[in-house]
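This note sets out points for a colleague who is new to the structure. Please read them alongside the model.

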Amino acid sequence: MINGIKLAPSILSADFARLGEQVREAEAAGADYIHIDVMDGRFVPVISLGTPVVESVRRVTGLTLDIHLMVAEPEKHVAAFIDAGGDIINVHVEAATHLHRVVQQVRSRGKKPGVCLNPATPVAAVEEILPEVDQVMVMSVNPGYSGQPFIQAALPKVRRLRRLIGEGGLAAEIEIDGGVGSENAPRCAAAGANVLVAASAVFNDRASVAENMARLREALARVERTA
Ligand code: DX5
Ligand code: ZN
């Protein structure tokens, strides 16, 4: 945590052949959460990983596991990802017909529910569910791949959401996911996001995980919260 901002490295860009090592590196470098991207080839075009990977990560770290379910019919999968070790279970509003029920499903298991918004989905889509969730994720790319460019329209969206949460006296955290790096992390934080996901900015061939995390932390150390 730096300046009230949590960093959630996404293992989607990690080297899966040495995943445990990469997770430990991220933890040693100050990660607050480990973000795990689950894709089913239906809700998003590609398939990524499932419960066995979550179980493996659970064994190597005590950090909060932030599970991002990019899957159709999330109600069918929530229990399995909780059993595998997930702590925050994020489901897409576009994927859940009965979003409220899925949120309750997570809550009843003593875990934290989160809801996610695709770039074209308005903030209004989560207005009614806000008091029930621990986190709202604003997607700043179209879900499916790491390494895509940041969609700027996510920032005013984060601001609107921050205002709504403030006005309602609510506690939901705001996570931003997609295209986040040291150049735009301060703007994300200033807009009101307090959990930053980063895959390719943390796990890449250009520098070590420690160096990449340090760059993000330095950028955030200079932030002044305006929201
Ligand atoms: C995208 C995933 C993101 C992704 C972020 O579908 O939800 O979490 O891993 O990757 P970067 O940080 O490289 O944009
Ligand atoms: Zn994600």
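By class, which residues make up the lining of the largest pocket?

1. The lining of the largest pocket has 13 nonpolar, 12 polar and five charged residues. Here Ala, Val, Leu, Ile, Met, Phe, Trp, Tyr, Cys and Pro count as nonpolar, Asp, Glu, Lys and Arg as charged, and the others, Gly among them, as polar.

2. The model is predicted: local features need pLDDT of at least 70 and side-chain atom pairs pLDDT 80 or more, while totals for chains, interfaces and linings use all residues. Residues are numbered from 1 along each chain as its sequence is written, and side-chain values use heavy atoms, without hydrogens and water.

3. The space in the largest pocket is about 380 Å³. Among its 30 lining residues, G179, V180, A199, S200 and A201 are the closest to its centre. Helix 7 (209-221) gives the largest share, three residues; strand 2 (33-39) and strand 8 (195-198) each supply at least two.

4. Helix 1 (residues 19-28) packs against helix 2 (residues 51-60) at an angle of about 50 degrees, and their axes are 10 Å apart. The two helices are therefore oblique to each other, and their crossing is right-handed.

5. In this packing, L19, G20, V23, R24 and E27 of helix 1 meet V53, V57 and V60 of helix 2, where contact means heavy atoms within 4.5 Å. By class, this contact has five nonpolar, one polar and two charged residues.

6. On terms, a pocket is an open set of points on a 1 Å grid where a 1.4 Å probe fits, with protein on both sides within 12 Å along at least five of seven lines, and lining residues have an atom within 4 Å of a point. Helices (H or I, at least four residues) and strands (E, at least two) are DSSP runs. Angles under 35 degrees count as roughly parallel, over 145 as roughly antiparallel, 65 to 115 as roughly perpendicular and the rest as oblique.

Definitions and conventions
Chains are lettered from A and ligands numbered from 1 in the order in which they are written. Axes are lines fitted to C-alpha atoms, for helices over the stretch in contact, and angles run from 0 to 180 degrees between N-to-C directions. A crossing is left-handed if the near helix is turned anticlockwise from the far one by less than a right angle, and right-handed if clockwise. Grid points are joined across faces, edges and corners, and a volume is the space filled by probe spheres set on the points.
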